[in-house]
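Please keep the sequence and the structure in view while reading.

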Amino acid sequence: MTHVHIIGGGLAGLSAAVDVIGRAGVTVYEAGPACGGRARSYYDKALDARIDNGNHLLLSANKASFRYLGLIGAEKTLTGPGEPVFPWFDLSANLGWTLKLSRGRVPFWAFSKGRRVPGMKLRELGMLTRLLKAGPDDTVSMFLGDGMLTTRLLEPFAISALNTPLDTASATLLAAIIRETLALGGTACCPWYPSEGLSESFVDPAVAHLRRLQGEVRCGARISGLEVRDGRVSALKLGQETIVLGPEDSVVFAAPSPVARNLLAEHLPDFTAPDAYESIINVHYRLPAPVTARGMLGRTGFVGLVGGVAEWVYLKGEILSVTVSAANRYAARDNDELIATIWSEIRQAVGPVLVEALPEAIPPVRLVCEKRATFAATPAQDRLRPQACTALSNLALAGDWTQTGFPSTIEGAIGSGTEAIRALGLSH
């Protein structure tokens with residue numbers, strides 16, 4: 001029977017495993033103590049709480065992600081408002097509003113003051129049309145104007161989607177996201193996120209599903225090398241162990257791009273992979289008790305912020321969780337100063353709509369800076385991304401750093417796993 005060896009237990013590797021299990025034997029090798037990569041949950045001793053290592057928002061257009069959740073029986077673990085609504089708050093203007101998209105492709109929302117971005121002009125929508133025609137070397141900033149649609153929606157949306165400063169970020173990667181979401185209308189833009197945690201939605205059900213179907217998931221198993229013979233991978237090195245591959249066995253390499261460059265470059269002529277990265281900061285504040293929000297924030301559970309450091313705030317029980325994208329720009333800032341600034345922004349934007357008053361003093365907090373959260377989504381880095389197929393007949397690549405057509409997102413990672421199985425000729 002064909003056996004697929006999957007190197008890397010992040011969402012790309014788990015997606016590949018879930019896609020092929022039942023048609024082949026599967027072993028997942030994860031170097032860390034748990035699967036999930038950058039999309040997992042863990043217990044934080046300092047906060048005495050379970051937190052996510054990042055915040056991720058899915059949209060209803062993310063077909064690969066919802067297919068994956070369906071296969072592992074976790075589609076009902078997500079929550080959201082059930083309609084395309086997004087609360088926002090401009091810290092500099094002390095102004096809150098809710099973007100309420102039309103369900104169809106025609107942007108009727110732009111004609112209603114109660115549904116659109118405050119202060120925007122209808123002519124600003126032309127930016128989106130021009131952006132969809134962007135060339136491979138164009139950057140996002142080339143297409144943005146100075147109106148409120150840019151300041152209060154497109155800039156924060158683009159930075160969180162690309163995790164890259166907009167003067168260097170690829171316009172074609174942003175256009176790919178807009179083409180799959182906003183351009184299709186609000187039906188494609190309903191927001192969803194895990195009701196409990198990333199691991200509870202994306203990781204634990206996948207691992208349980210694989211094991212139920214006799215798949216093997218080995219954590220703490222770092223593959224240190226590959227042996228290649230006659231144009232195919234013939235063995236894997238795992239510490240002192242050599243895992244010999246049979247004539248029908250295949251390999252999906254789904255570890256991060258730095259690992260790929262270290263292990264694959266000697267076996268794949270002209271191999272390239274992204275080598276520049278952007279960080280993401282997540283700050284988790286632990287309150288004495290779960291908070292309850294009024295109005296739209298109570299319906300959505302999250303709010304986007306503009307005009308400050310914080311970008312997204314999620315209400316997760318007693319945890320207020322904040323995401324700051326493209327965080328290399330804050331590398332010189334003192335962590336305590338960032339924590340204090342963000343807490344002040346939370347109190348300004350979120351405090352007034354909470355049933356429980358937020359304390360002025362900063363509660364117990366954990367700041368996590370993931371320095372290599374994503375590859376830098378620039379035109380130059382995008383050109384370094386390899387395809388799933390390789391010159392080795394039984395090796396395929398997966399990961400959000402491969403050429404998915406999207407920036408580094410959950411949707412791209414999950415879709416890449418499915419594409420790797422297809423490249424090996426093992427898909428349905």
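The largest cavity in this predicted model has a volume of about 50 Å³. Its lining is formed by Asp-52, Asn-55, His-56, Tyr-193, Pro-194, Leu-198, Tyr-314 and Lys-316. Sorted by class, the lining of the largest cavity contains four nonpolar, two polar and two charged residues.

In total, two cavities of 30 Å³ or more are counted. The second largest cavity has a volume of about 30 Å³. Which residues line the second largest cavity? They are Leu-131, Leu-144, Leu-154, Phe-157, Ala-158, Leu-174 and Ile-178. Helices α4 (148-162) and α5 (171-180) each supply at least two residues of this lining, and the largest share, three residues, comes from α4. The lining of the second largest cavity has seven nonpolar residues, with no polar and no charged ones.

Strands β4 (49-52), β9 (191-194), β17 (312-316) and β18 (319-324) are the elements that give two or more residues to the lining of the second largest pocket. The largest share, four residues, comes from β4. By class, the lining of the second largest pocket divides into six nonpolar, eight polar and six charged residues.

| Space | Volume | Lining residues by class |
|---|---|---|
| Largest cavity | about 50 Å³ | four nonpolar, two polar, two charged |
| Second largest cavity | about 30 Å³ | seven nonpolar, no polar, no charged |

The remaining topic is the packing of two helices. Helix α1 (residues 11-20) and helix α2 (residues 63-71) pack at an angle of about 55°, and their axes are 10 Å apart. At this angle, α1 and α2 are therefore oblique to each other. Is the crossing of α1 and α2 left-handed or right-handed? Helix α1 passes α2 in a left-handed crossing. On the side of α1, Leu-11, Leu-14, Ser-15, Val-18 and Asp-19 take part in the contact, and they meet Arg-67, Tyr-68 and Leu-71 of α2. The contact of α1 with α2 comprises five nonpolar, one polar and two charged residues.

Notes
Residues are numbered from 1 along each chain as its sequence is written. This is a predicted model: local features need pLDDT of at least 70, side-chain atom pairs count only at pLDDT 80 or more; totals for chains, interfaces and linings use all residues. Side-chain values use heavy atoms; hydrogens and water are left out. Ala, Val, Leu, Ile, Met, Phe, Trp, Tyr, Cys and Pro count as nonpolar, Asp, Glu, Lys and Arg as charged, and the others, Gly among them, as polar. Axes are lines fitted to C-alpha atoms, for helices over the stretch in contact, and angles run from 0 to 180 degrees between N-to-C directions. Angles under 35 degrees count as roughly parallel, over 145 as roughly antiparallel, 65 to 115 as roughly perpendicular and the rest as oblique. A crossing is left-handed if the near helix is turned anticlockwise from the far one by less than a right angle, and right-handed if clockwise. Contact means heavy atoms within 4.5 Å. On a 1 Å grid over the protein atoms alone, a cavity is a set of points where a 1.4 Å probe fits but cannot get out, and a pocket is an open set with protein on both sides within 12 Å along at least five of seven lines; lining residues have an atom within 4 Å of a point. Grid points are joined across faces, edges and corners, and a volume is the space filled by probe spheres set on the points.
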